Amino acid sequence: MKKNILYPLLVAIMSLSLCAIMIIGEMSGLFLNPKGQEDQASSDDKLIVVGVSQLGSESVWRTANTESIQKSLSRENGYFAILNNARQKQDNQIKAIRSFISQRVDYIVFSPVTEDGFENVLTEAKDAGIPVILMDRTVNVEDDSLYVTHVGSNMEEEGRKAGEWLEGELARRNMSDEEINIIVLKGTEGSTSEIGRSKGFHDIAKKHPGWNILAEVDADFTNTKAQEEMGKLLRQYSDIDVVISQNDDMTFGAIEAMRKRGITTGRDGDVMIVSFDACHEALTMVYNGLINVDIECNPIQGDYVSEVIRKLENGETVEKEYFVDEQVFTKENVADSLSSRAY
Ligand code: GZL
């Protein structure tokens with residue numbers, strides 16, 4: 001076969017051309033734009049550094065809340081956010097806040113797992129000149145200058161809404177004067193959500209002598225704990241009429257515990273279910289009649305937090321409290337929200 005020298009010649013010419021392009025490119029900075037690296041460094045300097053202490057990942061609500069803050073405090077929006085998950089342990093939150101202080105972040109955003117126990121570390125943050133923004137839950141402190149703002153929900157109002165719905169439902173069923181046996185599944189003991197929802201519901205319940213609250217148990221806002229606690233309560237009480245469950249994850253656990261014992265729930269069920277949070281999965285159960293009512297607690301708080309930081313950056317005054325918008329979902333109004341729900 002005649003030896004074909006054309007092919008090797010072509011390869012040699014192409015290799016030499018490629019080398020030439022690389023050398024010219026390198027010299028002209030076509031590929032590595034040193035200036036671009038300088039731009040990056042200087043733009044990093046302009047980023048607002050925010051330490052975020054998130055209390056955990058215990059619920060669907062919490063996941064949505066974390067996603068919301070990550071989306072708002074993004075690099076594209078001019079932030080460098082350092083997120084820490086405390087796994088529902090106060091010590092971990094205190095350590096995270098101390099770490100943010102030592103890193104000299106510009107702001108600290110945190111959702112305190114419980115209201116008590118943060119006074120010292122918040123004093124350290126104040127002494128370091130680092131503004132603290134509370135997201136979701138709040139703290140119980142003597143000196144409210146330890147935080148700039150609280151962005152979250154009016155939990156007492158949520159509790160009252162639950163009691164008012166039950167008043168209306170019993171009137172609708174002509175049961176206003178009957179004895180009603182109620183179980184309350186509470187969230188993390190001492191958290192703002194548990195304190196507020198419990199107080200708000202009790203403010204309504206105390207007006208009704210026939211409302212017998214058989215038990216109030218701490219199920220820590222988790223599905224697993226609620227299933228366990230509800231199982232115990234079902235062995236103890238055979239005539240439960242209503243379960244007030246302070247978040248959807250506990251509601252799922254409680255309904256599962258009842259289902260296993262052949263107890264039905266919801267509009268036409270043996271036990272009425274009042275839930276909180278209004279995540280998509282729970283609203284679907286409201287639509288299907290398994291949950292009677294869901295009191296919304298809106299986790300989409302990131303933009304509110306970012307707005308507060310922007311105002312502070314511009315030297316503007318900010319409110320001490322920002323409540324997010326929330327509604328009450330029943331079978332009658334839930335369909336409209338199901339398709340557009342953000343979480
Ligand atoms: C409410 C928030 C609660 C949710 C739960 O603002 O603190 O914590 O209701 C979550 O789902 O665990």
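How many nonpolar, polar and charged residues does the shell around the ligand have, by class? In this predicted model, the shell has six charged residues, together with four that are nonpolar and three that are polar. The ligand has 13 residues around it, and those that come nearest are Glu58, Asp136, Arg137, Arg197 and Asp277.

For Asp136, a polar side-chain atom lies 2.3 Å from an oxygen atom of the ligand, and for Arg62 the corresponding distance between a polar side-chain atom and a ligand oxygen is 3.0 Å. In the case of Arg137, an N or O atom in the side chain is 2.7 Å from an oxygen atom of the ligand. The ligand taken alone exposes 320 Å², of which the protein buries 100%.

With regard to its setting in the protein, the ligand takes up the space of the largest cavity. Helix H3 (60-72) and helix H7 (192-205) are the elements that give two or more residues to the shell around the ligand. At the level of domains, residues of the shell are given both by domain 1, which is assigned to 34-152 + 299-324, and by domain 2, which is assigned to 155-297, and the ligand therefore lies between the two domains.

Technical notes:
Residues are numbered from 1 along each chain as its sequence is written. This is a predicted model: local features need pLDDT of at least 70, side-chain atom pairs count only at pLDDT 80 or more; totals for chains, interfaces and linings use all residues. Side-chain values use heavy atoms; hydrogens and water are left out. A residue is near a molecule or strand if one of its heavy atoms lies within 4 Å of it. A polar contact is a pair of N or O atoms within 3.5 Å; within protein, one must be able to donate a hydrogen and the other to accept it, and residues adjacent in sequence count only if both atoms are side-chain atoms. Accessible areas come from the Shrake-Rupley method with a 1.4 Å probe; for residues, only the protein chains shown count as cover. On a 1 Å grid over the protein atoms alone, a cavity is a set of points where a 1.4 Å probe fits but cannot get out, and a pocket is an open set with protein on both sides within 12 Å along at least five of seven lines; lining residues have an atom within 4 Å of a point. A molecule sits in a cavity or pocket if more than half of its atoms lie within 2 Å of its grid points. Helices (H or I, at least four residues) and strands (E, at least two) are DSSP runs, numbered from the N terminus. Ala, Val, Leu, Ile, Met, Phe, Trp, Tyr, Cys and Pro count as nonpolar, Asp, Glu, Lys and Arg as charged, and the others, Gly among them, as polar. Domain bounds come from an automatic or database domain assignment.
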